[in-house]
Amino acid sequence: MSGYASWRPAGGMNTHRCVKNVNGTSADRYAVPHLKQKYSEFASYPSTCQVLGCSDHATATAHVISCDGRSGGSWSLVPVCAAHNNHYQTEPMYLKTSAQTVRLSKVRR
Ligand SMILES: [Zn+2]
């Protein structure tokens with residue numbers, strides 16, 4: 001059992017960041033080379049998926065957008081498992097409290 005666990009934390013958005021996958025970023029035209037390495041320049045790359053309740057291996061670096069309005073709609077990177085990087089996955093995902101996101105604007109600078 002893995003992947004689509006979408007646990008709702010008791011504190012909701014007050015304690016856990018809520019994000020959504022940015023549609024279509026799996027497409028080659030959006031690919032940023034060496035995304036994992038770039039993420040690692042700003043945060044330590046975790047071994048597991050950063051979605052709350054998921055303990056799968058982090059195999060992808062997903063483009064996500066905050067759905068609580070906190071970061072002004074900017075895109076961020078977060079390491080996730082293959083299932084959570086599925087670009088058809090448009091349900092809100094809560095991140096672990098320890099999850100670090102890296103703003104895409106930093107990476108592209
Ligand atoms: Zn996952």
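**Figure 1. Overall fold and contact pattern of the predicted model.** Of the contacts in the protein with a separation of 6 or more, 73% are accounted for by residues 24 or more positions apart. The protein contains two helices and five strands, and these follow the pattern β-α-β-β-β-β-α along the sequence. Buried residues make up 28% of the 109 residues.

**Figure 2. Close-up of the largest nonpolar core, which has 18 residues.** Cys49, Val51, Leu77, Val78, Val80 and Leu95 are the residues with the most contacts inside this core. Two or more residues each come from strand 2 (60-66), strand 3 (75-80) and strand 4 (93-94). Strand 3 makes the greatest contribution, with four residues. In soluble globular proteins, nonpolar side chains tend to be buried together.

**Figure 3. Close-up of the surroundings of valine 80, one of the residues with the most contacts inside the core.** With residues up to four places away in sequence left out, valine 80 touches Cys49, Gln50 and Val51, together with Ala58, Ala60, Ala62 and Asn85.

Figure 4. Beyond its neighbours within four places in sequence, threonine 61 is in contact with Leu35, Lys36, Tyr39, Leu77 and Pro79. Among these contacts, Leu77 is also listed with the residues that have the most contacts inside the largest nonpolar core. The C-alpha atoms of threonine 61 and serine 76 are separated by 9.7 Å, the two residues being 15 residues apart along the chain.

Note on methods:
Residues numbered from 1 in each chain as written. Predicted model: local features only at pLDDT ≥ 70, side-chain atom pairs only at ≥ 80, totals over all residues. Core = buried A, V, L, I, M, F, W, Y, C linked by C-beta atoms within 7 Å. Buried ≥ 20, exposed ≤ 12 C-beta atoms within 10 Å, placed from the backbone. Contact = placed C-beta atoms within 7 Å.
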